[in-house]
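User: Could you take a close look at one part of this model with me? I'm new to this, so please walk me through it slowly.

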Number of protein chains: 2
Amino acid sequence: MQFTSEQRLDDGVLERAFTLGEIPGILWTPGFASETAPAPLILLGHPPLGLGKMYPRLVARARHCAAQGFAAATIELPGSGDRPRWPAVEQARADLRRAVQVGEPVSDAIVDALILPLVDTAVPEWQAALDTLLALPWIGGPVGYSGGVISIGIRLALVEPRITAAGLFAGSFVPRAIFEEARQVTIPLHVLLQWDDAGNDRQAALDLFDAFGSTEKTLEANMGGHTGVPQFAGDAAARFFTRHLK
Amino acid sequence: MQFTSEQRLDDGVLERAFTLGEIPGILWTPGFASETAPAPLILLGHPPLGLGKMYPRLVARARHCAAQGFAAATIELPGSGDRPRWPAVEQARADLRRAVQVGEPVSDAIVDALILPLVDTAVPEWQAALDTLLALPWIGGPVGYSGGVISIGIRLALVEPRITAAGLFAGSFVPRAIFEEARQVTIPLHVLLQWDDAGNDRQAALDLFDAFGSTEKTLEANMGGHTGVPQFAGDAAARFFTRHLK
């Protein structure tokens with residue numbers, strides 16, 4: 001891990017850009033982190049739109065985390081941002097757009113081609129990032145995962161024992177294989193659903209919530225469309241992490 | 001309104017039993033209420049099991065309200081507790097039990113016979129209680145309604161303009177006529193659903209949430225069975241009222 005820049009935000013949060021091999025990432029630590037005990041860590045998931053485009057929303061979430069005493073970190077997804085293009089996934093994305101535009105049902109084949117390579121590649125990268133982040137003096141355990149592509153969150157919740165709680169956003173397609181993995185997830189979950197998200201299959205999201213094997217799982221559904229998650233829902237997710245990571 | 005007893009609970013909450021005509025009720029005010037501004041009021045709904053039986057859960061909810069600066073009040077439902085029996089509703093309840101025991105679907109006729117008379121009688125009683133409670137010096141507005149028979153909450157949310165926010169528990173049968181009323185409800189709603197409530201029709205609860213006309217509505221679903229609403233869900237409901245009644 002190489003730190004490439006460092007800046008102190010106005011609320012005292014320390015933001016460090018880094019690279020992990022070829023993969024860019026960002027780490028945010030609460031202002032007091034260097035002086036007190038290592039902070040628990042929340043991994044900030046995000047859609048594959050590139051860290052640059054996602055930065056305003058990520059830094060807002062990271063400040064929110066820091067205000068609760070959490071460090072937060074994220075890495076670029078494969079095929080996004082400044083990382084090399086990924087023609088197979090871009091083809092699947094084009095197929096998805098076309099199906100949606102002409103009103104066709106989105107086939108399992110398209111969803112699999114879009115999501116499974118992303119999950120298979122990204123999850124080991126997040127795990128490698130976790131290895132490195134947890135070795136830093138300002139970062140302790142436990143670790144939470146929050147948001148982003150829900151299939152990545154599901155796989156991480158299943159295979160990465162250092163993640164003890166996950167806040168998921170049920171707003172994207174989930175391949176059948178990942179749906180089956182969801183049945184085996186047992187960590188506490190806080191699942192956000194935008195009830196009136198026109199581009200999302202609400203029934204599939206409800207079925208997915210039902211499938212999770214966790215004995216503590218909460219579904220919070222709100223209005224406001226895909227990107228309109230209300231502030232109070234963010235606060236509720238923060239309290240979920242405070243219950244489980246502190 | 002006649003006060004029939006008064007006691008100070010160990011956390012300073014003042015509990016007053018009262019009768020309103022033939023109807024018994026209980027009012028709880030925060031310890032500081034007499035010295036400062038009138039407190040906003042939350043009406044505590046409950047199932048038709050009698051105030052005596054429900055008292056432990058009601059007083060716990062009232063203490064929770066008081067800790068947030070709210071007064072809380074409840075009245076006995078018609079046909080429950082020390083109020084006169086109500087043979088027609090008791091017959092409907094027996095019909096319901098029999099249908100459930102033999103595994104028959106619960107007919108609309110049974111649900112209507114069980115719920116509609118209760119709503120039609122109870123709602124004007126809650127409104128009369130509100131008239132009286134809001135005239136007391138320790139009670140101000142705005143007013144919230146919380147829990148209990150959800151059909152009563154829906155009707156109150158629709159017809160009683162002094163109620164500005166409602167926390168509802170989607171755990172009981174809802175007649176079709178009340179379902180239609182739900183479409184016309186526009187106040188902010190916080191709806192709790194116990195996802196694994198074996199005796200509840202989950203799909204009907206989701207359909208009901210979908211039907212509500214409110215632009216701000218939240219569904220929070222948790223595990224734990226019908227009576228196992230987790231403590232953190234109670235806290236989330238309290239924050240909902242704090243957002244809307246303060």
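Predicted model: local features only at pLDDT ≥ 70, side-chain atom pairs only at ≥ 80, totals over all residues.

In which sense, left-handed or right-handed, does α2(B) pass α3(B)?

Analyst: Happy to. Chain A has an average pLDDT of 94, and 98% of its residues score at least 70. For the model overall, ipTM comes out at 0.90 and pTM at 0.93.

Now to your two helices. The crossing of α2(B) with α3(B) is left-handed. To find them, look in chain B for residues 87-101, which make up helix α2, and for residues 108-134, which make up helix α3. Their axes come within 8 Å of each other, and the crossing angle is roughly 145 degrees.

Who does the touching? On the α2(B) side you'll find A88(B), V89(B), A92(B), R93(B), D95(B), L96(B) and A99(B). Facing them from α3(B) are I110(B), A113(B), L114(B), P117(B) and L118(B). Sort the residues of this contact by class and you get 10 nonpolar and two charged, with no polar ones.

That's your close-up, so let's zoom out to see how chain B sits with chain A.

How do the chains meet? There are 13 residues of chain A in contact with 13 residues of chain B. On the chain A side, the elements giving two or more residues are β9 (217-222) and α7 (231-245). The largest share, six residues, comes from β9(A). By class, this side of chain A has six nonpolar, three polar and four charged residues.

Finally, stay with β9 for a moment. β9(A) pairs with β9(B), which also covers residues 217-222, in the antiparallel sense, over three bridges. To spot the pairing on screen, find A221(A): it stands opposite L219(B) in β9(B).

Within chain B, α2(B) passes α3(B) in a left-handed crossing; between the chains, β9(A) and β9(B) pair as antiparallel strands.

Note on methods: Residues numbered from 1 in each chain as written. Chains lettered and ligands numbered in written order. Axes fitted to C-alpha atoms, helices over the stretch in contact; angles between N-to-C directions. Helix = DSSP H or I, 4+ residues; strand = E, 2+ residues; numbered from the N terminus. Left-handed = near helix turned anticlockwise from the far one by under 90°. Contact = placed C-beta atoms within 7 Å. Nonpolar A, V, L, I, M, F, W, Y, C, P; charged D, E, K, R; others polar. Pairing = 2+ DSSP bridges. pLDDT = per-residue confidence, 0-100.
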